[in-house]
Amino acid sequence: MKKQLFGLAVLSLPMYAKADIAIFSEVLFGKANNEFYAEQESDLGYKRAPSANSDSWGLRLGVGLTDRLALEVAQHFHGESLAEYSVHVSNTHSGIYQNPYDYSYRARFPIDTESLRLGIKGEIEVSTNINANIRVGMAHWQYKDVIPAQLVPTGSNSSGDSGNDIYTSIGVEYRLTDNLYVGLEYSLLNIKESKEYDNTGVVQYEHNLHDISMLLGWAF
């Protein structure tokens with residue numbers, strides 16, 4: 001999928017080779033809020049919905065199609081978020097103990113996510129130096145190791161997963177010079193997947209990625 005996204009971006013360039021191509025590059029850095037949810041299809045009661053923050057950053061390259069539209073390709077690193085929740089161990093000798101549980105402990109799962117994105121940016125001029133924008137496109141996301149499905153007991157050590165989902169974002173930019181600008185951006189990537197395991201069957205999981213980023217851009 002990564003090769004396909006890059007290929008689409010490259011194939012689009014000859015369409016504008018004879019015109020004055022407006023090219024820009026951006027560096028993004030900020031925070032990501034990660035909302036996780038996982039459950040077993042067998043409905044054994046294992047449901048987890050922890051939320052965690054992580055540091056995120058990204059690189060983006062864009063080509064202007066018109067004065068208000070641009071084609072973009074970007075690589076986002078959403079960072080490692082530590083998903084935590086309490087595990088309660090049931091008391092098998094209820095006549096001896098007054099509490100309903102023998103003990104509990106905290107389960108921790110470091111979930112590291114990145115995404116390669118290809119999309120369209122549209123913008124409008126708010127004032128002389130300020131533009132508002134909206135972005136939409138396809139993201140190829142990938143988990144480096146732990147995936148949200150492992151928030152329920154799966155009995156498997158397998159890790160890593162990838163797929164494709166739509167992303168959206170809104171933002172505002174302030175032009176400092178003819179070439180240099182800064183901006184603020186909010187983006188949302190909603191991941192919904194299912195994973196089948198030999199011991200526990202199908203596990204459905206959801207990961208909502210909310211990124212808030214500052215950006216520094218340079219127009220060539």
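**Notes on the predicted model**

1. Ser 169 sits in strand E7, which covers residues 161-175. The structure is a predicted model, and the points below should be read with that in mind.

2. Is Ser 169 buried or exposed? Ser 169 has a relative accessible area of 4%, and it counts as buried because the cut-off for that word is under 20%. Setting aside residues within four places in sequence, the contacts of Ser 169 are Asn 133, Ile 134, Arg 135, Glu 185, Tyr 186 and Ser 187.

3. The largest nonpolar core is made of 23 residues. Phe 109, Tyr 143, Leu 151, Leu 189 and Tyr 205 have the most contacts inside this core. At least two core residues come from each of strands E1 (23-40), E4 (69-90), E5 (101-125), E6, E8 (180-197) and E9 (201-219). In soluble globular proteins, nonpolar side chains tend to be buried together.

4. What does Tyr 143 touch, not counting residues up to four places away in sequence? Tyr 143 touches Ile 111, Asp 112, Thr 113, Pro 148, Gly 160, Asp 161, Ile 191, Tyr 205 and His 207. Another core, of six residues, lies apart from the largest one; among its members are Phe 24, Leu 28, Leu 215 and Ala 219.

5. On confidence, the protein chain has a mean pLDDT of 84, with 77% of its residues at 70 or more. Strand E6 (residues 130-143) has the highest mean, 97, and helix H1 (residues 2-12) the lowest, 49. Residues 8-19 have pLDDT below 50, and this stretch has eight contacts in the model beyond near neighbours in sequence. Where pLDDT is low, the predicted coordinates should not be read in detail.

Note on methods. Residues numbered from 1 in each chain as written. Predicted model: local features only at pLDDT ≥ 70, side-chain atom pairs only at ≥ 80, totals over all residues. Heavy atoms only, no water. pLDDT = per-residue confidence, 0-100. Helix = DSSP H or I, 4+ residues; strand = E, 2+ residues; numbered from the N terminus. Contact = heavy atoms within 4.5 Å. Core = buried A, V, L, I, M, F, W, Y, C linked by side-chain atoms within 4.5 Å. Buried < 20%, exposed > 50% of the residue type's maximum accessible area, 1.4 Å probe, protein only.
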